[in-house]
Amino acid sequence: MQVSDIDNVKIYNLSAGKSLPDWLTERKKHALLKKNVDLRRRIELIQEFDMPGVSTSIRASKDGQYIMATGIYKPRIKCYDVNNLSLKFERCLDSEVVTFEILSEDYTKIVFLQCDRYVEFHVGHGRHYRLRVPHFGRDMTYHKPSCDLIVVGASSQVYRLNLELGQFLAPYVTKATEINCCSVNEEHGLLVFGTEGGHVEGWDPRTKSRQGILDCALHCSDADYRNSTIPSITALKFNGALQMGVGTSSGHVLLYDIRSSKPLLVKDHMNEIPIKQVEFHKQMNYVYSMDANVVKIWDKNTGKQYTNIESSVDFNDLCIIPNTGLCMMAMEEQKMQIYYVPSLGPAPKWCAFLDNLTEEMESSASQTVYDDYKFVTKQDLESLGLDHLLGTNLLRAYMHGYFVDVRLYKRAKSIADPFAFEEYKKRKIREKIEQERPSRLKVDDNLPKVNRDLASRLLEDDRPKKKQTGNLLKDDRFKALFENPEFEVDKGAEEYRLLNPVLSRLGKSKTKNKSEAEPMQIEGDDEEGDSDQEFYDTSGDSSDEDRTWVKEVKKQHKIIRHKKQDIEESGEDKMYELSAPPKNGNIRNIMKVSNKSLGERLGKEGATTFSGIGGNREMKFVMRGKKTDNNQKNMKKHYEERKRLVRRTGFLKKKR
């Protein structure tokens, strides 16, 4: 269950969540339910509450026990039993349904207005009868006192089909060229028709004559609303005996008292798209007005926003369950949405458990929407010339800016920059011309400005891969890598220095045109080599490539360490230096000495010879000092450490 908090009103989306595909078998569905926690925790209020493609309209029966919806494709109707929270039956139709009406208290009598001019009647067991009207129909309603089915459409005539007599009656002839919608008042039976020219005509079925005309387009097409065309009437709904709601194609909702020609209130959706449905919440004096993008709930007395319901797909139809906070929407997708607003009323009896669930649920992070207000900063106010309003009631301080009425903002913006739209239009035209115009200068170098080395390395692949490389450079997913300077590779960074041996090893077999700087050779420093060996230790089973990679990374580590030492030594603070370890040349010197003769070695080591009694020769050796003994110990220790290092890296095994 998804929870949103818009204008401090909690809205629960009961249709949100993951769903299982239809093609899965029952065994796979049960297996997924066991593994996936989200699927187990989802709330499926009504089973199979969806359509194969798109749902077009939705209604609730008068007794509140059944919910019916139509959709495509194939055209069909589904009836749901709310007592069992499941599908009762499903029927396919010959053509798409424009709208339908439930004539009885339950599902046993339904009439459909279809897109091919047919009117189709259904009873409990199936289709009962179908007939055709002279013009394409757009809306339909049922006048219960006279048993007349009213059909309006692309004509100035209103067709009346008497269901008691089973025949057409004389049609009403209106002044309009086309009629978009119709409605009937259940209390006194007045018929109203919304025309294409922005008028609402009221007819009395008792006298078969027109009682009056409302010019609704006059009140939503003036300079304040800036409508270039005459808006048409797209939705009609009565609230009681005297109040009527009118929706227009310009996105306005007008509330009328039928005794007056002027509207009581005009509500602008600010979307400039037609209003599809208008409904009234009788208990709390709220109005539901729906267009393709949003369902707004507002106070009918003041027009103040209460909350709204938005979706990522378009809305097609709205159904309000009376005396509850539950509403259902037909959408331009497979799932039909169910929303529950606890502040507008309790849950219906057939889903009373929703009240307990909503009380136990913790509110999650949500968005806040301020209707009719625009957020601006102080710089925006100065550019619009509204900085003199600081400190007045027209600006509401919030965080680092202010909230201003959207009408004042639009008017100030049009005055401050009256030619903004013309400049935007010219800029777009110029950009389109530059995209279509080929470049006059053809440069052979197709390398981008950013990461040229990487692009050249990719372009120098083998011939079979050149097509893929070109697509890679032009691919939208990697386009920013060669255009945005923020993605430029920093070759001076330590991370690049450590990864550079790997890149160079991969590019040795491909590119030989660029000479890279060789790393500095560091002699000695075997103690650091031992410490690095602990981090980059490889077993005897490792490959030669891994060993070369370890060597190259070790060199880079040593370069970085020596640079840090040079920086520290160049500063004022001096670091304590450790005694330098014996160099690698000591072992070689020993080998050279061992190749010399005994006399030469004795002369070098300081031995003296003298002749004794009887002609015998004697030798006298000078004892080594303490310093010489320390050097010998260090040399022996270093030799053992090198031997252990050779064993660890596996060179002995390779030699064998």
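**Exercises on salt bridges and a surface patch**

In this predicted model, E90 is partly exposed, its relative accessible area being 35%.

**Exercise 1.** Determine which residue pairs with E90 in a salt bridge, and which strands the pair ties together.

*Solution.* Step 1: the partner is R76, and the closest N and O atoms of the two residues are 2.4 Å apart. Step 3: R76 has a relative accessibility of 13% and counts as buried, since buried means under 20%.

**Exercise 2.** Locate the two residues of the salt bridge between D50 and K78, and classify K78 as buried or exposed.

*Solution.* Step 1: the closest N and O atoms of this pair lie 3.6 Å apart. Step 2: D50 is in the loop between α2 (37-41) and β3 (54-60), while K78 is in strand β5 (residues 76-81); the bridge therefore ties together parts 28 residues apart in sequence. Step 3: K78, at 6% relative accessibility, is buried, whereas D50, at 25%, is partly exposed.

**Exercise 3.** Classify D257 and R259, whose side chains meet in a salt bridge, as buried or exposed.

*Solution.* Step 1: the N to O distance in this bridge is 2.9 Å. Step 2: D257 has 17% relative accessibility and is buried. Step 3: R259 reaches 63% and is exposed, the cut-off for exposed being over 50%.

**Exercise 4.** State which residues make the nonpolar surface patch of about 250 Å², and locate F478.

*Solution.* Step 1: the patch is made by F478, L481 and F487. Step 2: F478 is placed in the loop between α8 (466-474) and α9 (494-507). Step 3: F478 is partly exposed, with a relative accessible area of 35%.

Key. Residues are numbered from 1 along each chain as its sequence is written. This is a predicted model: local features need pLDDT of at least 70, side-chain atom pairs count only at pLDDT 80 or more; totals for chains, interfaces and linings use all residues. Side-chain values use heavy atoms; hydrogens and water are left out. Patches are made of residues with over 30% relative accessible area and no salt bridge: like charges are joined within 9 Å, nonpolar side chains (Val, Leu, Ile, Met, Phe, Trp, Tyr) within 5 Å. Accessible areas come from the Shrake-Rupley method with a 1.4 Å probe; for residues, only the protein chains shown count as cover. A salt bridge is a side-chain nitrogen of Lys or Arg within 4 Å of a carboxyl oxygen of Asp or Glu. Helices (H or I, at least four residues) and strands (E, at least two) are DSSP runs, numbered from the N terminus. Buried means under 20% relative accessible area, exposed over 50%, partly exposed in between (1.4 Å probe, protein chains only).
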